[in-house]
Amino acid sequence: MERSLMKGNEALAEAAIRAGCKCYFGYPITPQNEIGAYMSNTLPKLGGVFVQAESEIGAINMIYGCAATGTRCMTSSSSPGMSLKTEGISYLVGADLPCVIVNIQRGGPGLGSIQPSQADYWQTTRALGHGDMRMPVFAPYSVQEMVDMTSKAFDIAEEFRTPVMVLADGLLGQMMEPVSFPDSGTTGSSSPTWATDGHDNKRKKNIVNSLFLEPIELENVIKERFDRYEKIKEKHCEAAYENTEDADIIIAAYGSTARITQTAAEMARAEGIKVGTFRPITVYPFPEKQLQAACKNAKKVLVVEMSMGQMVDDVKLALDCKIPVEFYGRSGGFVPGPQEVLEKIRGMM
Amino acid sequence: MKKMNEYLIAGFGGQGILFAGKLLGNIGLIDNKEVTWFPSYGPAMRGGTCNCSVCISDSLIGSPVVDSPDVLIAMNGPSYDKFINAVKKGGKAFIDNSLVDSKYDGSDIDCFYIPATRLAAENDLKGMANIIVLGKVIKETGLATLETVKAALEVSVPAGKANLIELNMKAIEIGMAN
């Protein structure tokens, strides 16, 4: 397959269009602006719709309306913008509306910085809106995975009627890497049975709604939704791991940090330290079983993140205190170098 | 360990730093290598200094951020001051000495000086000092053949600006001859 050099943000936008995304709504924020720019340039030429909304709140509510018609749609933002979208995201979940939401993380809290960060892990996996809710989250670690996972995100969103998040960061969004676009993949069912796309008096009306005043009604809706989360766990919980069989130390990292830990692990192996790597590909659902399998011979686990330590919670929960878990993180926009991770590993011996 | 070459290109915004990096990346791509290109983004794009990391490797690249390059291209004084001591021992630095007054006095790295900005002006190639320096890099490192460079230019130059390919090739040749 032919490879071309593309920025992560642009490759993601192209992948969305190829996956049948017809409408994009967003508001500019660094470091994800190339997504909106690409959409504004490309979507209208293909008969799609690009709207730069008046704010992130406007954009997410346009997604609500668009998704209700059964049209494949996407919004993207970066950390502070995601916080603004959270109310709308909760409504999308509450109304079972499929869509793809992209967060190219930058530093926080507040306006933070525009440099790469992974400090929205808790927000993304725990509380991206009010209410009993979850959302599948893909964490790509290369430009190619930004393409592959965006495409998959649309399919899962539609299959399970849920918003799906692609969680990357400024490093992946801004970097260029060779990428190819597979031809396969679906581009959405033409007319979902639940969509509010006009019934012509030929069928019963469809209603899209997140308000259920009867307690029993709301509880049933939520329980049915959590059953779907269980199915997503069974079918779409993904991880990648390497050299774990004989490893004394397993390094767990996701997204762009997992590239750096991979180099650090190679450096450690060259020094005779037995290190393996574990990388969650979905961060919700968190690949607990895969982590347990990868760590079965490990003496220690090291979690590395571009944050003060967030995914480390999920690692500890999955390992149930059976193996000591240590943490190394950088904040403020620093991307940890392989050398500093290596020094941390040496210190654990 | 796998073989990887790390490049750092630095200068002012507007000197074509990012484009030079993209061309370098496409050279790697055409040679079937793994490539990463990572810009300094944000304030640097609004004037001031600008730099770009490029890695070319036989296998998957870990961090795309280059802290200590094998090859440094310094297109102005502040970039030279900031990065010259970061170059790996045994590495190479390419310096546009029409804009950089300093000279490196150590012997741990090879320094090549080329008055790229002046050469660009003299040859009616304004704005192509970046490509002239890249020509020098290609000559001194044996990075690529001229055919590869041309093929890389064809995919790097925007579709509507194909006329720039010949001018860029001229800039490469001037860099190689100086």
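In which sense, left-handed or right-handed, does H1(A) pass H2(A)? H1(A) crosses H2(A) in the right-handed sense, a crossing being right-handed if the near helix is turned clockwise from the far one by less than a right angle, and left-handed if anticlockwise.

The structure is a predicted model, in which local features need pLDDT of at least 70 and side-chain atom pairs count only at pLDDT 80 or more, while totals for chains, interfaces and linings use all residues. Residues are numbered from 1 along each chain as its sequence is written, and chains are lettered from A and ligands numbered from 1 in the order in which they are written.

**Helix pairs of chain A**

Two packed helices are described by the angle between their axes and the distance between the axes. Helices (H or I, at least four residues) and strands (E, at least two) are DSSP runs, numbered from the N terminus. Axes are lines fitted to C-alpha atoms, for helices over the stretch in contact, and angles run from 0 to 180 degrees between N-to-C directions.

| Helix pair | Angle | Axes |
|---|---|---|
| H1(A) (8-18) and H2(A) (33-42) | about 45° | 8 Å apart |
| H3(A) (56-68) and H4(A) (79-94) | roughly 25° | within 8 Å |

With an angle of about 45°, H1(A) is therefore oblique to H2(A). H3(A) and H4(A) are roughly parallel to each other, and their crossing is right-handed. Angles under 35 degrees count as roughly parallel, over 145 as roughly antiparallel, 65 to 115 as roughly perpendicular and the rest as oblique.

Residues are in contact if their C-beta atoms, placed from the backbone, lie within 7 Å. Among the residues joining H1(A) to H2(A) are A:Leu12 and A:Ile17 of H1(A), and A:Ile35 and A:Tyr38 of H2(A). By class, this contact has 6 nonpolar, 2 polar and 3 charged residues. Ala, Val, Leu, Ile, Met, Phe, Trp, Tyr, Cys and Pro count as nonpolar, Asp, Glu, Lys and Arg as charged, and the others, Gly among them, as polar. The contact of H3(A) with H4(A) includes A:Ile60 and A:Tyr64 in H3(A), and A:Leu84 and A:Gly88 in H4(A); its classes are 9 nonpolar, 3 polar and 2 charged residues.

**Domains of chain A**

Chain A is divided into domain 1 (4-185 + 209-236) and domain 2 (240-348), with bounds from an automatic or database domain assignment. The C-alpha centres of these domains of chain A lie 26 Å apart. To their contact, domain 1 of chain A gives 26 residues and domain 2 of chain A gives 22 residues. The side of domain 1 of chain A that touches domain 2 of chain A has 16 nonpolar, 7 polar and 3 charged residues.

**An open sheet of chain A**

In chain A, 5 strands form an open sheet in the order E9-E11-E10-E13-E14, with mixed pairing; strands pair if DSSP finds at least two bridges between them. The edge strands are E9 (239-242) and E14 (325-329) of chain A, each pairing on one side only. Strand E13 (300-305) of chain A pairs with E14(A) in the parallel sense over 5 bridges, and A:Glu305 stands opposite A:Gly329 in E14(A). Helix H12 (338-348) of chain A packs on the sheet, touching E10, E11, E13 and E14 of chain A, and its direction makes about 160° with that of E13(A).

**Contact between chains**

The contact takes 18 residues from chain B and 20 residues from chain A. E2(B) gives the most to the side of chain B that touches chain A, with 5 residues.

Definitions and conventions: Two residues are in contact if their C-beta atoms, placed from the backbone, lie within 7 Å.
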